[in-house]
Amino acid sequence: MTFDLTIPSQLLAALTPDLILMAGATLLMVLTALRPEGSASQRGIGKLALVVLVATAVAVVAMIMAGNNVGPGVIAVDRFRWTADLIFIGAAIGTVLLSMEYGDKEHIPQAEVHVLVLFATAGMMTLAAARDLMIVFLGIEIMSIAVYVLAGLNRRSAKAAEGALKYFLLGAFATGFLLYGIALTYGATGSTNLSVIGKVIVDHQLQSQSMLLIGVGLLLVGFGFKVAAVPFHMWAPDVYEGAPTPTTAFMASAVKAAAFAVFLRIWLEAFPQMDRAWILPVWWLAAITMLVGNVVALAQRNIKRLLAYSSVVHSGYLLVAVAAGTRLGSAAFLFYLVAYTIATFGAFAVVTTIGTAGERNQDLSDYEGLWSVRPGLAIAMGVCMLALMGFPLFGGVGFFAKWYLLQAALGSPHNLLPLSVILVLTSVIAAGYYLNVVRVMFMKPRPEGAAEIGPIGPLTQGVLAVTVALIIGLGLFPSQLATWTRGSTPMAPNQTAAQATNK
Amino acid sequence: MQNEFVPLFYGFHFYLFGLIALASALMFVTRKSPVAAALWLVQTMFALAALYVMMDAQFVGVMQILVYAGAIMVVFLFVIMLLNLGHPSEISDIRGKWGRVIAGLFGIALLAEIGAASRNALVPALQLPQAPTDGAINGTAGVIGPIAGPMFKEYLLAFELTSVLLLVAVIGAVVLGKKSSNAR
């Protein structure tokens, strides 16, 4: 059916999964307040949070099955939204599972972790749906505020406090840019609705109007901060290092995916006619991010910082897909997002396990000879590293993600050949640190007196098994996912029609 | 405007309150003592409220005073007093001279952007949400109807999401602020 978003009941129907999640989160919050603090309560709330997330996922799948459509309005009902939602929900389920065991290990009995993860996910789902800059702003804030708190939850750690404060201040700073950009865009076009903005730009020939150009530039800076693209990446390593590792996994995977998803939607739905204005900045942003990120990552000894730079680098790769500005580009983008989210999440899950209480054992030397003591962990980490690197076969889905990305970049009407060359070259540099981790784990002997690795909880084991299975499984059968993402692009309806006739 | 004195009268007050708002805002960001800064902010809010009233948005003007100048600023002042930041002379500024120079340049750049943005900025036909055509509501401009209509119709989702946002912020503040048994 086609939803008419001006009728409140149909608006609600179009938001069913989001409402389930928000209602569940609110109920759990009340429950958390009523129960005494402690490990049992934390686990109980965690289980209920999983139930809420699974219910939300079921609702999302039901919405996909129903094949609903939507008229013009503040939110989108398309497969891009649902696919992004499933990525967020998957990452949230993993985060809750990891947090349940991490909370016991680190003696952080706050059950609110799970509630905040649910709220952050609700913010992300709002972002994936948003077709109005006002909703975009609210979604970003709901997500960010929940994650700021998650980052600072461990109050015994000075590093966590520093990271959380930095994240908060720079996040607020970025929000300022975003809001300024939104205000100028509204001033220039008279609307916050993405499709209306796109239409006004065409109707009034605003492509080179200064207010709109500055607005778009400020939006780009704001999103640059949110997705940690160089030169707006300074906060990422400190924040990723300081935050509790399950939260870092959540930030590096779902939070980044959400920011990118809405970024792509805004660019493709509101500003497709302004590509001459934004392609060049996005081009440079992508190029610098790939180069700087990879080179700095080579020097990292701390595994969390290394993964933080790795996530910066992947922002660069994803920006290439944004710069492509085509349907193929956004399909490759979504495919990459799935692969990146799974692999990053798996890597951080291993880091959670290796780090004993107090977040120690994060140095690369703590991974030496991991193969001889914990072969399972070493294999899981190895697969995630190879997937992030885009290694053929063993890297599973990671290889195809890079492959489709290159294909999209080369097939773009804009000249992205130099960018593709940079992408390939920097992927070779990336081998320097990803393969180094693999080498250290498999080829070095376990040093004398290396820290004991505690038992791996069943939940963490489950998360790791599922991640590795997904990486390998999707790597063996990538075409289903590729077909799926090709049918899930966020273009405005009029454009989709235009493209269909062009075929 | 049949009365020829009205534009002059209107203009005078527009510039008066505009200047007060700008000057207070400048004082607000340059004061070292947090209490003084907060009080200047209250003054800015009052001047803005006057501007709202001049735009026939009486309800927004009153809300500005009640909510911002009244409630929020009082909470601000409470927080400042609870934090007990000490005497203004003891508060160090951000990283000395260079920090200020860079921040200043940054501010000037942003100001210049406004200038550049408003140059040749011909706003196309605004696609604002249709004002209710109901004569009864139109006749009472500045009263609650024209605000309530869009808020619960066109902007319903944004309005509800704002409440979720505030809820998350409150939860976050409580979680970070509460005395926890594990905070040794």
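Helix 18 of chain A packs through its buried residues against helix 12 (275-298), helix 13 (303-324), helix 15 (370-373), helix 16 (375-389) and helix 17 (397-410) of chain A. Helices here are DSSP runs of H or I of at least four residues, strands are runs of E of at least two, and both are numbered from the N terminus. Two residues are in contact if their C-beta atoms, placed from the backbone, lie within 7 Å. The model is predicted: local features need pLDDT of at least 70, side-chain atom pairs count only at pLDDT 80 or more, and totals for chains, interfaces and linings use all residues. Residues are numbered from 1 along each chain as its sequence is written, with chains lettered from A and ligands numbered from 1 in the order in which they are written.

The buried residues of helix 18 of chain A include A:L419, A:I422, A:L423 and A:T426, and A:Y433, A:Y434, A:V437 and A:V438 are also among them. A residue is buried if 20 or more other C-beta atoms lie within 10 Å of its own, exposed if 12 or fewer, and partly exposed in between. An α-helix has 3.6 residues a turn, so residues three or four places apart point the same way. Helix 18 of chain A bends by about 30° at A:A431, the bend being the angle between axes fitted to the seven residues ending there and the seven starting there.

The largest nonpolar core has 217 residues, of which A:A258, A:V320 and A:Y336 touch the most other members. Helix 14 (residues 327-354) of chain A gives the most to this core, 20 residues. Such a core is a set of buried Ala, Val, Leu, Ile, Met, Phe, Trp, Tyr and Cys residues joined through C-beta atoms within 7 Å. Leaving out residues up to four places away in sequence, A:A258 touches A:F88, A:M124, A:L127, A:A128 and A:M143.

The contact between the chains takes 42 residues from chain A and 31 residues from chain B. On the side of chain A that touches chain B, helix 6 of chain A supplies the largest share, 9 residues. Chain B itself has 7 helices and 0 strands, and buried residues make up 9% of its 184 residues.

Chain A averages a pLDDT (the predictor's confidence in each residue, from 0 to 100) of 88, and 96% of the residues score at least 70.
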